[in-house]
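Let's take a walk through this structure together, one piece at a time. Keep the picture open while you read.

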Amino acid sequence: MGEGTLRFVPEAALTLRFDFERDSFEPDQIAVMASAYDRVCERLDLTSNAYSVANDVVAQKIISIVQAGETEVERIASLAIEQLTSTL
């Protein structure tokens, strides 16, 4: 990693625009979201350990899918990819 490069931490990204007063996630849910995030980034050829607007969009999509009740890593990743690529 070069000078001036930010290191992206998936768990931190998953809290972006997250209302802690209204919503909360258990540690196991955070682990599931982080795994789904890594899978989506890999499939979309994004670097999961670097910050970008695309990474933020992926994280927000995963949060919304989990908030809707999905709990399986692969299903979350598949839904995120489906929803993200259908808007491209």
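Leu 44 is partly exposed, with a relative accessible area of 31%; buried would mean under 20% and exposed over 50%, with partly exposed in between (1.4 Å probe, protein chains only). You'll find Leu 44 in the loop between H2 and H3. Helices here are DSSP runs (H or I, at least four residues), numbered from the N terminus. Leu 44 touches Val 58, Ile 81, Leu 84 and Thr 85, leaving aside residues up to four places away in sequence, where contact means heavy atoms within 4.5 Å. Thr 85 is 41 residues from Leu 44 in sequence, yet their C-alpha atoms are 9.2 Å apart in space.

A quick word on ground rules: this is a predicted model, so local features need pLDDT of at least 70 and side-chain atom pairs 80 or more, while totals for chains, interfaces and linings use all residues. Residues are numbered from 1 along each chain as its sequence is written, and side-chain values use heavy atoms, without hydrogens and water.

Now for the helices. H2 (residues 27-43) and H3 (residues 53-67) pack at an angle of about 135 degrees, with axes 10 Å apart; axes are lines fitted to C-alpha atoms over the stretch in contact, and angles run from 0 to 180 degrees between N-to-C directions. Among the residues making this contact are Met 33 and Tyr 37 of H2, and Val 58 and Ile 62 of H3.

Then there's H4 (residues 73-86), with 14 residues. Its buried residues include Ile 81 and Leu 84, and what covers the buried residues of H4 includes H2 and H3.

Key
Helix = DSSP H or I, 4+ residues; strand = E, 2+ residues; numbered from the N terminus. Expected span 1.5 Å × (residues − 1).
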